Amino acid sequence: MNRSKAFKRNVEKSDGAIGLRKSANKVSGAPEGAEPMEERAPTEGNSGQQNAVRTQRREAATSALARVRQVAKKDKKAKFTSLMHHIYSTDRLRSAYGALAKNASAGVDGETWRSYGQQLEARLEDLSGRLGRGGYRAKPALRRYIPKESGGRRPIGIPALEDKIVQRAATEVLNGIYEEDFLGFSYGFRPGRSQHDALDAVTVGITREKVNWVLDADIRGFFDTINHEKLAKFIEHRIGDRRVLRLIQKWLKAGVMEDGSWQAAEQGTPQGGSISPLLANVYLHYALDLWVQRWRRRYAKGDVIFVRYADDFIVGFQYRADAEWFLRDLAARLREFSLELHPDKTRLVEFGRFAASNRQERGDGKPETFDFLGFTHYCGKSREGKFLVARKTMRKRFQRKLRALSQQLKQRRHRPISELGTWLASVLRGYYNYYGVPGNYGSLKRFRWQLAGAWCWVLRRRSQRHRMSWERFQRLSKRWLPLPRITHPWPAERLRV
């Protein structure tokens with residue numbers, strides 16, 4: 001058995017998720033395991049008895065959701081007609097509240113996590129009652145903007161706190177069904193999967209399969225252009241509970257508040273809510289993933305790999321003819337669902353183990369690169385001279401992060417050195433935790449060096465007569481700024497585990 005066939009067989013046997021030729025297995029693990037429960041101090045009186053009852057209720061809710069998952073796994077065409085009671089359970093709502101970010105911005109209601117928690121039990125009981133009798137009303141999301149890498153601003157919606165709670169609870173319940181349906185090559189916003197799992201799948205797929213061309217694709221304004229009618233039809237494939245369908249429609253039709261005025265939402269789902277990533281995955285599962293699976297089985301002449309993280313995906317091809325054919329069919333397929341490829345972010349590049357030699361023969365220069373999830377991927381070689389997919393931090397991400405930190409340093413320059421050092425240390429550790437992949441040590445080292453230079457510049461301008469010599473700053477830098485470190489294993493090692 002050759003290496004390629006052995007790899008495909010291992011992928012099909014394992015939980016691994018490159019999804020070559022055959023649909024990969026689904027991720028195992030209960031979604032509710034990723035939902036942390038709220039820790040609460042015992043109350044006076046019969047606290048032990050109350051805690052025991054609450055524990056029994058939680059266990060019953062978990063068992064009920066496990067049965068839903070089992071049915072979804074056993075029968076791929078089953079429609080669930082009784083789900084709403086799982087969502088408005090007070091224990092599930094309490095769990096959803098405890099899982100929310102405590103310092104998140106307030107929505108149109110002005111309610112924060114802490115203010116809502118002052119009368120938590122009474123409010124959750126009231127919320128559960130309104131959900132049960134159909135009296136719950138979704139509030140419009142508060143429109144805010146964040147900067148985009150390519151310039152401009154990206155709109156996000158901040159739901160009201162009660163909407164956040166209910167969306168979180170609904171997501172937990174619906175994940176129990178859709179995690180049995182989603183395909184192995186889908187990684188975005190799924191329990192037990194991360195951006196680095198998608199990055200590893202791309203690297204291993206290109207390295208071990210016969211990939212010579214890579215399509216780096218992005219859907220233009222995906223979250224803002226989701227068709228509500230088509231999304232409703234997709235959801236109805238699995239969800240037959242009309243109350244759950246109406247609940248989702250309430251969130252979609254709630255609109256947004258911007259500068260004090262309400263705007264209707266005829267399409268799209270606001271980024272920022274807990275339910276939006278799940279709805280986006282459902283939409284792309286039916287509009288894209290299932291179609292890709294069928295296309296490569298029916299039409300591809302050579303090997304094809306596919307990895308998707310939200311609306312950003314990578315497709316690898318053995319033959320250029322397959323790649324060009326796929327790209328034409330893909331554009332037509334997306335148009336059927338009111339979507340289109342971003343012309344500036346969709347590129348077909350020659351990439352793979354033979355790219356360097358083939359381009360050298362034609363006099364085309366070095367192999368092209370592509371960007372995915374914050375990393376620039378380029379053709380490299382190991383110490384033994386073997387082909388490998390090398391990765392480094394994207395230049396735009398690198399520079400944007402440094403500019404933001406330099407600006408924050410200027411604003412904090414009069415803070416105590418120990419406070420600044422503690423903050424910068426936490427920033428660097430977070431940076432290493434994401435970008436610390438094998439082969440990217442040089443980028444980490446440059447980032448630390450330039451951040452240290454920005455800090456030194458700020459410290460020397462705290463007064464006209466600074467005493468910050470380079471020797472003294474070197475001691476501060478050594479004390480407060482952690483050295484670069486690789487925090488992730490090699491892709492093949494993680495996928496094997």
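Residues are numbered from 1 along each chain as its sequence is written, and side-chain values use heavy atoms, with hydrogens and water left out. Because the model is predicted, local features need pLDDT of at least 70 and side-chain atom pairs count only at pLDDT 80 or more, whereas totals for chains, interfaces and linings use all residues.

**Exercise 1.** Describe how α7 packs against α11.

Solution. Helices here are DSSP runs (H or I, at least four residues), numbered from the N terminus. The axes of α7 (residues 161–178) and α11 (residues 242–253), being lines fitted to C-alpha atoms over the stretch in contact with angles from 0 to 180 degrees between N-to-C directions, come within 12 Å and cross at roughly 135 degrees. The two helices are therefore oblique to each other, given that angles under 35 degrees count as roughly parallel, over 145 as roughly antiparallel, 65 to 115 as roughly perpendicular and the rest as oblique. In the contact (heavy atoms within 4.5 Å), Asp163, Val166, Gln167, Ala170 and Leu174 of α7 meet Val244, Leu247, Ile248 and Trp251 of α11.

**Exercise 2.** Describe how α7 packs against α12.

Solution. The axes of α7 and α12 (residues 275–298) lie 9 Å apart, at an angle of about 30 degrees, and the pair is therefore roughly parallel. On the α7 side, Gln167, Ala170, Thr171, Leu174, Asn175 and Tyr178 take part, and they meet Ile275, Leu278 and Val282 of α12.
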